[in-house]
Amino acid sequence: MKYYSLHKAAPDVDFREAVVNGQAPDKGLYFPESIPQLPKDFVERLSSLSKEEISFKVMKPYVGESIPDDVLQKIVSETINFPFPLIRVDENIFSLELFHGPTYAFKDVGARFMSRCLGYFNQSSSKKTTILVATSGDTGGAVANGFLGVEGVEVIILYPSKKVSPVQELQLTTLGENITALEVQGSFDDCQAIVKQAFIDEDLKQKYQLTSANSINVGRWLPQQLYYFFALQNWQEKEPPVICVPSGNFGNICAGVLANVSGMPVKHFIAACNANDTIPLFLETNSYQPKNSVSTISNAMDVGNPSNFVRILELFHQQTNDLKKHFTAVSVSDDETRKTISDVYDDAGYLLDPHGAVAYKALSDYLKINKSDKGIFLETAHPVKFPDVIEELLQIKIPLPENAKTLFAKEKQSILIDASFDKVKDWMMNR
Ligand SMILES: *Cc1c(COP(=O)(O)O)cnc(C)c1O
C-alpha cells in the first residue's frame, strides 16, 4: 500500500515511512492510495471470527509488505487484548465501551499499535527514537503505556501541571523506565507550542531522532477501525446501526467512515461535538472557519481546528453533499452533557463519562426523529478519569477499577519545568 500526502506536494511512501514520518514533508496528512474492499462473506461471517482474525484481515492491506505476517499477527493480537463490550443502555441505544484498555481510553488501541510498529521498524536502526508528545490528559497516558519498555524508543511527555485529573496524572508519571514526564507550569496550549518548536529546532534535531505520536499518524488512525468491526460482531438487530462518535480531532470517527467505505454496513454517522462546533457549522454553512478551542467538561474534545476532517472529506471524494447524506455533526453544550449524565444514571443506571454523554445526547436526539433506527455510541473513556464533574453532579464516589488501585500505590515522578521552550530545550540538551 502506498500513501500520498493530502497536500499532493510530497513523494508517495509505504506504511513504514508514513508511520516514521508522522506527517508528510509538505505538512499534509498521509492517505492510503486505495481503500481495500472486504469480501462480502467476511462481513457476513464477522460474528464467527475471532477478534485476532478480524484485526489481521483488516490491517494487512494497509501495512502491506512493511511488516511480515507473523509479526503483524503478534502486533494486532497485543493491540486488542482486552474486552470491547457492546452494552444495551435502553431500548434503542447501545454503548460500545472502549475504556477497558490499560489507560481506560480508546486511545490505547491506536497507541499500542503504533508503538509496536515503531518498535519493529526501529530494530533495523541504530539511532534511538524519541517520541515527544504534549497531552491534555488522555493521549499522554495511552502513548506512554503503549511505548513502555519498547526497545530503542523513549517517550517524553509534556503535560500541564494541575490541569489533568489524578488518575490521568498517575498514568503519566508512575511508569518510569523509558518514559519521562515533564510537568509544565502552564496550559496544554503551552505544551503543544513547545513540542512544535522542538520539532524544528536544529540543535535538538542533531541530538535526537524526534517523532510525534499524535492522532494524525496513520499508525494511530488506521487501527481504530477495528472496534467498529467488533461492535458489528455483536450487533443483533436487523438493520445496520447508526453510529455516534464523540469527536475532537475527528480521527476516531474518520476510522469508522473508513471501515464503512471498505464494506462494513453502517446506517448513518453522527459526529458529536461539544461547544467546539467548527464541523457542525461547516456542514450547515459550507464554509470552513477554524476557531480557537474553548474549554469544556469533555476536554479531550476541545479542538477548534480538527486535523482529521480533511481525511473524511477525502473519503467522500471532496463531495460535501454526499458526505451530508451519510454524516451529521452536532454540538452539545456542557449543561446538556451534565443533564444527560444525570438522566441516564437515574433512568438506566448507566454511568456515562462526559465524552460518552455528549455522544449519547446526540444519538438520542437523532433517534427521536428517525424512530425506526437503532444506534451505538462510543463510550471513549472510563468515568473515573473525570471524577470532578461526575462526583459533584451525582453525589457518588466512582469505584476505582481493580487495576487503577495499584496506580495510587505508586509514586508520582515528574520534572517540574517553566512553560518556556528554552527551559525545555536546556533540559533536553543537558540530560
Ligand atoms: C481523544 C478523545 C476523544 C476525541 O477523539 P478524536 O479522534 O480526536 O475525535 C473523545 N473522547 C475521549 C475520551 C478522548 O480521549
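In which loop does histidine 317 lie? Histidine 317 sits in the loop between α14 (309–315) and α15 (320–326); helices (H or I, at least four residues) and strands (E, at least two) are DSSP runs, numbered from the N terminus.

Before going on, some housekeeping. This is a predicted model, in which local features need pLDDT of at least 70 and side-chain atom pairs count only at pLDDT 80 or more, while totals for chains, interfaces and linings use all residues. Residues are numbered from 1 along each chain as its sequence is written, and side-chain values use heavy atoms, with hydrogens and water left out.

Back to histidine 317. Its phi is positive, near 50 degrees, in a residue other than glycine. Histidine 317 is exposed, with a relative accessible area of 63%. On that scale, buried means under 20% relative accessible area, exposed over 50%, and partly exposed in between, with a 1.4 Å probe and protein chains only.

Glutamate 177 is another entry on this list. It is not a glycine, yet its phi is positive at about 50 degrees. Glutamate 177 belongs to the loop between α7 (166–173) and β7 (179–185), and it is exposed, at a relative accessible area of 66%.

Now the helix. α12 covers residues 251–261 and is mostly covered, with 9 of its 11 residues buried. Among them are Gly251, Ile253, Cys254 and Leu258. Just after α12, glycine 263 takes a positive phi of about 125 degrees.

Next, empty space. Rolling a probe the size of a water molecule over the atoms shows where it is left. The work is done on a 1 Å grid over the protein atoms alone: a cavity is a set of points where a 1.4 Å probe fits but cannot get out, and a pocket is an open set with protein on both sides within 12 Å along at least five of seven lines; lining residues have an atom within 4 Å of a point. Points are joined across faces, edges and corners, and a volume is the space filled by probe spheres set on them.

How many cavities of 30 Å³ or more are there? The count is 1. The largest cavity has a volume of about 40 Å³, and its lining includes Pro36, Lys57, Tyr62 and Ser262.

The second largest pocket has a volume of about 270 Å³. Its lining has 15 residues, of which Arg116, Gly119, Tyr120, Gln123 and Val150 lie nearest its centre. α4 (69–79), α5 (107–122) and α6 (138–147) each supply at least two lining residues.
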